[in-house]
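Welcome! Try each task before you read its solution.

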Amino acid sequence: LFRSIGTASAEVSFASNDDFESETRVQLTGIGLDLAPCEYSVTPAEVRFGSVREGERQERTVTLQNNGTFDCLVSEPRIEASNDETRSMFALDNSVPSSTRLGPGQSLVLPLRFVPTSAGDARAWLTFYISDPGNSNPRVPLFATGRAPVEVACPAAITTPAGQAVTLSAVADASTEVVLYDWSIVSAPAGGIGTPDQWQ
């Protein structure tokens, strides 16, 4: 935690029971800034990825704009979610810097992606630190829906007189080619399923 303006350095040491290296030292360097409150906007206010099949990828962007006359400090952009599985479906592009300084009129584009690992609705938040005392950790809601690799649309229930043929059709929507399908009778009125030629 910085408490002064200007460059500062320090050292952190870790002691352990490692026979070869019982102490590890890490050098720390940082610059404390005196910035006026940042005036900024985030576009869009929420991100919707839509419906995406398992394993496929959908991309969106969030733009952070400095609308004021002073610099804005932005750092630690990250994804927050209620559980690890949901958070792993959303990701920030590796090119996003961990910390950046935006001058007046400058903007920062944050590329996002959604790759579902299961079917169902998913929700997370994009958050970051920005030098605005009134709202230093804004959260941008992220919405998406994972779709199964294969989805089959079956016809509605059909009522027909005995002895009259019925044509059934089903539509399979898949991310890859459907190579095998099979029709079978799974239930029927009592006494009918075992009668020869009753069901064909």
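A residue counts as buried under 20% relative accessible area, as exposed over 50%, and as partly exposed in between. Keep in mind that this is a predicted model.

**Exercise 1. Two accessible areas**

Task: Decide whether cysteine 154 is buried, partly exposed or exposed, and do likewise for alanine 172.

Solution: 
- Step one: cysteine 154 has a relative accessible area of 59%. Exposed means over 50%, so cysteine 154 is exposed.
- Step two: alanine 172 has a relative accessible area of 43%.

**Exercise 2. The surroundings of alanine 172**

Task: Find the strand that holds alanine 172 and the residues that it touches beyond four places in sequence.

Solution: 
- Step one: look at residues 171-174, which make up strand E13; alanine 172 is found there.
- Step two: leaving out residues up to four places away, alanine 172 touches Glu151, Val152 and Val178.
- Step three: take valine 152, which is 20 residues from alanine 172 along the chain; their C-alpha atoms are separated by 4.4 Å.

**Exercise 3. The disulfide**

Task: Locate the disulfide of this structure and describe it.

Solution: 
- Step one: there is one disulfide to find. Cysteine 38 and cysteine 72 form it, with their sulfur atoms 1.8 Å apart.
- Cysteine 38 is in the loop between strand E2 (23-32) and strand E3 (40-43), while cysteine 72 is in strand E6; at 34 residues apart, the pair links distant parts of the chain.
- Step three: check the geometry. The link is right-handed, with 85 degrees about the S-S bond.
- Step four: check the accessibility. Both cysteine 38 and cysteine 72 are buried.

**Exercise 4. An open sheet**

Task: Work out the strand order of the four-stranded open sheet and name its edge strands.

Solution: 
- Step one: the order is E3-E5-E9-E7, with antiparallel pairing.
- Step two: E3 and E7 each pair on one side only, and these are the edge strands.
- Step three: zoom in on E7 and E9, which three bridges join. Leucine 92 stands opposite leucine 112 in E9.

**Exercise 5. The largest nonpolar core**

Task: Which residues touch the most other members of this core?

Solution: 
- Step one: the core has 27 residues, and Phe90, Leu112, Leu126 and Leu142 touch the most other members.
- Step two: E10 gives the most to this core, with five residues.
- Step three: follow phenylalanine 90 beyond its neighbours within four places in sequence; its contacts include Phe49, Ile79 and Leu142.

Terms used. Residues numbered from 1 in each chain as written. Predicted model: local features only at pLDDT ≥ 70, side-chain atom pairs only at ≥ 80, totals over all residues. Heavy atoms only, no water. Core = buried A, V, L, I, M, F, W, Y, C linked by side-chain atoms within 4.5 Å. Buried < 20%, exposed > 50% of the residue type's maximum accessible area, 1.4 Å probe, protein only. Helix = DSSP H or I, 4+ residues; strand = E, 2+ residues; numbered from the N terminus. Contact = heavy atoms within 4.5 Å. Disulfide = S-S within 2.5 Å. Pairing = 2+ DSSP bridges.
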